[in-house]
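Reader: I have a structure open and want to learn how to read it. Can we take it feature by feature?

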Amino acid sequence: MSADRETTRVVRSWLDEGVTRLPDRVLDAVLDQVPTTPQRRHLWSAWRLDQMNIYAKLIVGVAAVLIVAFVGYQFLPSNGGFGGQPTPQPSPTPTLLAHGTFTAQGINTTLDATGAGSNVSGRMTGSNSDGAFTVALQCERTINGLLWIGGDVTQSTSLQNAPVGSRTAIVLKRGSPVQAIFVFQMSDPRSATCQAFFDDMLVIAPQSDIDAGLEPIAGTVELAP
Amino acid sequence: MDTDLVLRAQRGDEEAFASLAVAIGDRLHAVSHRILRDVDLAEDATQQALLTIWRDLPQLRDPARFDAWSYRLLVRACYAEGRRTRQWAPNLRILPADELAGPDATSSVVDRDQLERGFRRLSIDHRAVVVLHHYLDLPLETVAETLDIPLGTVKSRLLHAMRGLRAALDADARPARQEAVR
């Protein structure tokens, strides 16, 4: 037997000796900390939503809209009322932001977004074997050359990635083909605003992770120039 | 590893993670102890690795690669422990009487002592390669994948480490031979 083989035999035999069992107290310490240790969801995770707060905010928001609508209605010009006949105005054409039907990261996606900044409207739907979700789009921003379009999940059977009330975004990289990655906030603490959601997700998933996760889409998407 | 358990833990199922931790805890601890050669440091490293596994589990894309991924996190935890504590307390182990019986019992004890010293002189990088390959029996390609380093680096680290350990054993043999000549 060569010296090398003998050394390997002795080392292996030596390594086989020693501790093989994790003390229960160490395991207990780990399991005690699990409930207070949030999981880091790469690009598709979220903390549980504070449903109470969300519903409360929704109720307050809806009430505020109704009050404004009622007050505004009282001052609307009408026949026999204040003011004259309104001058017909051409309705502004919404600015295209993104429009297409494609598959990205295995998610069959439809995207229809107009507007810019924090005044985005439109809808995104996604579906795969995990379920389907619909996002009411609210905002967009170009970050490090990538177009982020995000909003609130309004309908979902994809409870793992996109529960109702969570925020979701798609990140698009221009090119041929366009590349995309989905960003789900899932059970993470809900960001204060749609724009803040982008910033928060970049903390959880740094730009390098976003870049690494981008995958070419299959299908077509038309992006604003 | 039970992929279903991994998937459930990925989704935040704490009970599934508890089962997972029980299943892998001993193995992780055995590895960390062999790398760090210190019970307390190994316990800290294993604890940290298990918590990191829980925290980062949703980021694991392929649950089938859980084992390699968990070893990678464990080795990182060992690096952290190694950096945190440069001074390692000696580990004393009382040998059972039957281990001392036998014709070459004395040389075995000496070998252990020399190996212990030789191993402690190695960096964590080198120790990790030795333990993953010679204790876990992982092929070198898997060691490279686990540690996220090139295969050539694994081979050179293993070669260097084994030379160091052999030198440690030879160093013990030399004075003994000289003693016999006198």
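Reader: Start with the disulfide of A:Cys139 and A:Cys194. Is the disulfide left-handed or right-handed, and what is the torsion about the S-S bond?

Author: One caution: this is a predicted model. Now the general idea. A disulfide is a covalent bond between the sulfur atoms of two cysteines. Here the torsion about the S-S bond of A:Cys139 and A:Cys194 is about -75°, so the disulfide is left-handed. The sulfur atoms of A:Cys139 and A:Cys194 are 2.0 Å apart.

Reader: Which parts of the chain does the pair link?

Author: Distant ones. A:Cys139 belongs to strand S4 (residues 131–143) of chain A, and A:Cys194 to helix H4 (residues 194–204) of chain A. They are 55 residues apart. A:Cys139 is buried at 1% relative accessible area. A:Cys194 is buried too, at 8%.

Reader: How many disulfides are there over all chains?

Author: A search of the whole structure gives 1.

Reader: Next, aromatic rings. How do I read a pair?

Author: A pair of aromatic rings is described by the distance of the centres and the angle of the planes. Over all chains, the count is 8 aromatic pairs. One of them joins A:Trp14 and B:Phe119, with 5.2 Å centre to centre and 65° between the planes. That pair is edge-to-face.

Reader: Where do A:Trp14 and B:Phe119 sit?

Author: The pair crosses between chains. A:Trp14 is in helix H1 (residues 3–16) of chain A, and B:Phe119 is in helix H6 (residues 105–121) of chain B. A:Trp14 is buried, with 5% relative accessible area. B:Phe119 is buried at 0%.

Reader: What about B:Phe66 and B:Trp69?

Author: They form a tilted pair, 6.1 Å centre to centre with 45° between the planes. Both lie in helix H4 (residues 66–84) of chain B. They are 3 residues apart, about one turn of the helix. B:Phe66 is buried at 1% relative accessible area, and B:Trp69 counts as buried at 15%.

Reader: Which residues do ring pairs link into a cluster?

Author: A:Phe133, A:Phe182 and A:Phe184.

Reader: Now helices. How do I find the sides of one?

Author: Think in turns. An α-helix has 3.6 residues a turn, so residues three or four places apart point the same way. In H1(A), the buried residues are A:Thr7, A:Val10, A:Val11, A:Trp14 and A:Leu15. They cover an arc of only 130° around the axis, which puts them on the same side of H1(A). A:Arg5 and A:Asp16 are exposed on the other side.

Reader: What span should the 14 residues of H1(A) have, and how far apart are its end C-alpha atoms?

Author: At 1.5 Å a residue, H1(A) should span 20 Å. The end C-alpha atoms are 20 Å apart, which agrees. Just after H1(A), A:Gly18 has a positive phi of about 105°.

Reader: Last, strands. How do S1 and S2 of chain A pair?

Author: Look at sense and bridges. Strand S1 (residues 96–104) and strand S2 (residues 107–116) of chain A pair in the antiparallel sense over 8 bridges. For instance, A:Phe102 has A:Thr109 in S2(A) as its bridge partner. S1(A) and S2(A) form a hairpin with 2 residues between them. In that turn, A:Gln105 has a positive phi of about 55°.

Reader: How many bridges join S2(A) to S3 of chain A?

Author: 9 bridges join S2(A) to strand S3 (residues 119–128), and the two run antiparallel. A:Asn108 stands opposite A:Ser127 in S3(A). The hairpin of S2(A) and S3(A) has 2 residues between the strands. There A:Gly117 takes a positive phi near 60°.

Methods. Residues are numbered from 1 along each chain as its sequence is written. Chains are lettered from A and ligands numbered from 1 in the order in which they are written. This is a predicted model: local features need pLDDT of at least 70, side-chain atom pairs count only at pLDDT 80 or more; totals for chains, interfaces and linings use all residues. Side-chain values use heavy atoms; hydrogens and water are left out. Rings of Phe, Tyr and Trp (its six-membered ring) pair if their centres lie within 6.5 Å; planes under 30 degrees apart count as stacked, over 60 as edge-to-face and the rest as tilted. Helices (H or I, at least four residues) and strands (E, at least two) are DSSP runs, numbered from the N terminus. Buried means under 20% relative accessible area, exposed over 50%, partly exposed in between (1.4 Å probe, protein chains only). The expected span of a helix is 1.5 Å times one less than its number of residues. The arc is that of the directions from the helix axis to the C-beta atoms. A disulfide is a pair of cysteine sulfur atoms within 2.5 Å. Two strands pair if DSSP finds at least two bridges between them.
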